[in-house]
Amino acid sequence: MAFGPFRFFESARSAPEKLYRAVIERWNRRDAAGFAELFEAEGHCIGFGGTEMPGPDKIESTLGRIFAEHETATYVAKVRDVRLLTAE
């Protein structure tokens, strides 16, 4: 277990990977609401075809429509490295 500043570093390095895995998991479940809840109110998602979805409400409605109308691919993720821009 890490202590002091190393505790922050450990959680900061694991957070992006956890978020990415949650995004992939919810996509694979075709869970539009669960996918959208991973985004802040000001967050944006850009789809594989270039569709821009500003904010969770738009993300949920757009993905809900996509999941209802199309058979989407299942994805597998492998995170090889996480590089922090700053420690803050």
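Student: Is W27 buried or exposed?
Tutor: This is a predicted model, and in it W27 is buried, at a relative accessible area of 11%.

Student: OK, rings next. How many aromatic pairs are there?
Tutor: The count is 6 aromatic pairs. One of them joins W27 and F48, with ring centres 5.5 Å apart and planes at 85°.

Student: Why is that pair edge-to-face?
Tutor: Planes over 60 degrees apart count as edge-to-face, and the planes of W27 and F48 sit at 85°, so the pair falls in that class.

Student: And which parts does the pair tie together?
Tutor: W27 is in helix α1, residues 5–28, while F48 is in the loop between β1 (44–46) and β2 (52–54), so the parts tied together are 21 residues apart in sequence.

Student: Is F48 buried or exposed?
Tutor: F48 counts as exposed, with 68% relative accessibility. F48 also forms a stacked aromatic pair with Y75, at 5.4 Å centre to centre and 25° between the planes.

Student: Where does Y75 lie?
Tutor: Y75 is in the segment after α3 (55–69), so its pair with F48, in the loop between β1 and β2, ties together parts 27 residues apart in sequence.

Student: What's the relative accessible area of Y75?
Tutor: For Y75 the value is 33%, and that makes Y75 partly exposed.

Student: Last one: which residues do the ring pairs link into a cluster?
Tutor: The cluster is made of W27, F35, F39, F48, F67 and Y75.

Terms used
Residues numbered from 1 in each chain as written. Predicted model: local features only at pLDDT ≥ 70, side-chain atom pairs only at ≥ 80, totals over all residues. Heavy atoms only, no water. Phe/Tyr/Trp six-rings, centres within 6.5 Å; stacked < 30°, edge-to-face > 60°. Helix = DSSP H or I, 4+ residues; strand = E, 2+ residues; numbered from the N terminus. Buried < 20%, exposed > 50% of the residue type's maximum accessible area, 1.4 Å probe, protein only.
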